[in-house]
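Hi,

Here is the structure I promised to send over.

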Amino acid sequence: ELCRLAKESTGIRVITTIHYAPLCKVTDVENSFFIEAKLGTNIRKWMIDIGLYLRYVLYKKQALLKTEKEELKRVSTFSDAMVCLSSSFLSTFQNLLGDSGTAQLIAIPNPIKQIEKSMVLKKQKSIIYVGRLEFGLKRIDRLIKIWAKTEHLFPDWEFRIVGDGENRHLFEEMACKLGLKRIYFEGFQEPDK
């Protein structure tokens, strides 16, 4: 509301940044169902999850989509430009906005910090995941399952998971149950290190 008032009274240009992937709330909810690491072999939990999924598909999904469309359209009405994180998001955001989107959609890619030439990098045969440890959007459980199927094919490689989250213990338990030997949970780390 403040941006709209400022624009109307002063004529300033308003550029809005969208710091998320389009439909991320929908993706987050959809990826939260039927996760073996969370449900285990408990039939009751699976049945509850089936019921929750059906409720989501029949009632909640459309409400989430409608809310996201309405919010984007509202912001678009007072924005001269809307900047998103990737050019791959532009068409999805445009579809969500439809013809009522008045702002120009643009993408500004994240800059890559150049590594100093004097910095010597020690090469290792490592697969590294860096990010939040969660089920919804990141689905680390899928990475662990892939590593479980391929670890024996690459005996001189290791899989390092850098990051933290409330589900970290579930991923560690999963790796343990799968008998993985060269998987390391590094926790939160400073980026430069």
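How are α6 and α7 oriented to each other: roughly parallel or roughly perpendicular? Bear in mind that this is a predicted model. The two helices, with α6 covering residues 140-150, pack at an angle of about 15°, and their axes lie 10 Å apart. Angles under 35 degrees count as roughly parallel, so that is what α6 and α7 are. As for handedness, α6 passes α7 in a right-handed crossing.

On the α6 side, I140, D141, I144 and K145 make the contact, and they meet F171, M174 and A175 of α7. Sorted by class, that gives five nonpolar and two charged residues, with no polar ones.

Now for the other helix pair. Helix α4 (residues 43-78) packs against helix α5 (residues 90-97) at an angle of about 90°, with 8 Å between the axes. The range for roughly perpendicular is 65 to 115 degrees, and α4 and α5 are therefore roughly perpendicular to each other. From α4, the residues E68, K69, L72, K73 and S76 meet F93, L96 and L97 from α5. This contact splits into four nonpolar, one polar and three charged residues.

Last, the second largest pocket. The space in the second largest pocket comes to about 240 Å³. Its lining is made up of E36, A37, G40, K145, L170, E173, M174, K177 and L178. Two elements give two or more residues each to that lining, α3 (36-39) and α7 (168-177). The largest share, four residues, comes from α7. By class, the lining has four nonpolar, four charged and one polar residue.

Cheers

Conventions. Residues numbered from 1 in each chain as written. Predicted model: local features only at pLDDT ≥ 70, side-chain atom pairs only at ≥ 80, totals over all residues. Heavy atoms only, no water. 1 Å grid on protein atoms, 1.4 Å probe; cavity = no way out; pocket = protein on both sides within 12 Å on 5 of 7 lines; lining within 4 Å. Points joined across faces, edges and corners; volume = space filled by probe spheres on them. Nonpolar A, V, L, I, M, F, W, Y, C, P; charged D, E, K, R; others polar. Axes fitted to C-alpha atoms, helices over the stretch in contact; angles between N-to-C directions. Parallel < 35°, antiparallel > 145°, perpendicular 65-115°, else oblique. Left-handed = near helix turned anticlockwise from the far one by under 90°. Contact = heavy atoms within 4.5 Å.
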